Amino acid sequence: MTPPKCTLCKTQQTNFPVKVYLSSYNLKLCQKHFIEWFENRVATTIEKYRMFTPHDKILVAVSGGKDSLGLWFLLSRLGYHAEGLYIDLGIPEYSSQSRTYAQNLASRIQRPLHVVDLASELASIPELRQWSRKPACSLCGTLKRYYMNRIARENAYTVLATGHNLDDEVAVLWNNVMHWNMEYLAKQYPVLPAEGPFLKKVKPLCRISEKESALYTLFHNIPYIKPECPYSTHASSLENKRILQQLEEEKPGTKITFYTGFLKNLSPLLRHPERISSPLTLCIVCGEPTTTEVCAVCQLKQKIQGDNHPPS
Ligand code: Q46
Ligand code: ZN
Ligand code: ZN
């Protein structure tokens, strides 16, 4: 039996062994052509949604996982002015390992990496969780948003890029549709425009699946943290991903069709400015944007300072 041929090698008179089968697009690709396909797809997404240009100063939020590290590596290969931000959540083992992966990539691509150490800024996520009794992910989300925006503003970045991939976006979309959560549906888009002091936010991997992202980091030999964050027990989100994966296996291309169909057909009807923006003011303590008089992070700080047992 003759081995399968790479779809793109066939048209370019080359003959490299097939390494990847992308069932959603019915493409069999060798390593070289997969990398070309991947980079071209991300570059096209950046242009299609007008995410940024070579004149922008991009801050990439890196978690130490495959998506954000692969994105940072790719943007530097494409010649963009992209620097990294790592927020150390102070989660035992998980944070120190993921921080090392982020720092290793920064040295490899010779780009600056900002590091925010939550334990010294405020308190670690495990400590904060005990104090506030709020879910870890809700605290984490608030703090990440706060420091991403703050570091970006203080260092004059023009856009913030995150590594959300197609599987993440489809799971969120599915959940929003299941609950007809119109406010979230109106805001779900690969680009969130700058809003007052809030920075423009973009998701260049929104048309890249988790599997494609993992292959890209593998082919470029980029080590990343494999275990999930110990707090990532969003049962409903994992369940949604499982259901969607089943649909994808039965009918390849389901995820990308569902997501891009939403962006093309429904999103333009929902994205009225009054729906996607909330009234903002500046925090009277730290000056960061907020919807309340004192922002959520300053409220946390005040709570900790009022406590008789501050973090050690
Ligand atoms: S890092 Fe933070 Fe995630 Fe860990 S505490 Fe939750 S939100 S699960 S992306
Ligand atoms: Zn090929
Ligand atoms: Zn504040």
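Trainee: In this predicted model, what arrangement do the four donor atoms around the zinc ion (ligand 2) make?

Mentor: The model is predicted, and its zinc ion (ligand 2) is held by C6 (SG), C9 (SG), C30 (SG) and H33 (ND1) at 2.0 to 2.3 Å. The angles subtended by these four donor atoms run from 99 to 115°. Four donors count as tetrahedral if all angles lie between 85 and 135 degrees. The arrangement is therefore tetrahedral.

Trainee: Which spacing do the donors of the zinc ion (ligand 2) follow along the chain, and how many residues apart in sequence are the parts that C9 and C30 tie together?

Mentor: Along the chain, the donors of this zinc ion (ligand 2) follow C-x2-C-x20-C-x2-H. C9 belongs to helix α1 (residues 7–12), whereas C30 belongs to strand β2 (residues 27–30). The pair therefore ties together parts whose separation in sequence is 21 residues.

Trainee: Are C9 and C30 buried or exposed?

Mentor: A residue is buried when its relative accessible area is under 20%. C9 has a relative accessibility of 3%, and for C30 the value is 1%. Both values fall under that cut-off, so C9 and C30 are buried.

Trainee: Which geometry does the site of the zinc ion (ligand 3) have?

Mentor: The protein donors here are the SG atoms of C283, C286, C295 and C298, lying 2.3 Å from the zinc ion (ligand 3). In sequence these donor residues are spaced C-x2-C-x8-C-x2-C. With angles of 106 to 113° among the four donor atoms, the site is tetrahedral.

Trainee: Is C286 buried or partly exposed, and is C295 buried or exposed?

Mentor: Buried residues have under 20% relative accessible area, and exposed ones over 50%. C286, at 28%, lies between these limits and is therefore partly exposed. C295, at 3%, is buried.

Trainee: How many nonpolar, polar and charged residues does the shell around ligand 1 have?

Mentor: Ligand 1 is surrounded by L89, C137, C140, K144, C229, Y231 and S232. Cys and Tyr count as nonpolar along with Leu, whereas Lys counts as charged. By class, the shell has five nonpolar, one polar and one charged residues.

Trainee: Which residues is S267 in contact with, leaving aside its neighbours within four places in sequence?

Mentor: S267 is part of helix α12 (residues 254–270). Its relative accessibility is 0%, so S267 counts as buried. Apart from neighbours within four places in sequence, the residues in contact with S267 are Q188, Y189 and F262.

Note on methods. Residues numbered from 1 in each chain as written. Chains lettered and ligands numbered in written order. Predicted model: local features only at pLDDT ≥ 70, side-chain atom pairs only at ≥ 80, totals over all residues. Heavy atoms only, no water. Donors = N, O, S within 2.8 Å, 3.2 Å for Na, K, Ca; no water. Tetrahedral: all angles 85-135°; square planar, octahedral: opposite > 155°, others 65-115°. Buried < 20%, exposed > 50% of the residue type's maximum accessible area, 1.4 Å probe, protein only. Near = heavy atom within 4 Å. Helix = DSSP H or I, 4+ residues; strand = E, 2+ residues; numbered from the N terminus. Contact = heavy atoms within 4.5 Å.
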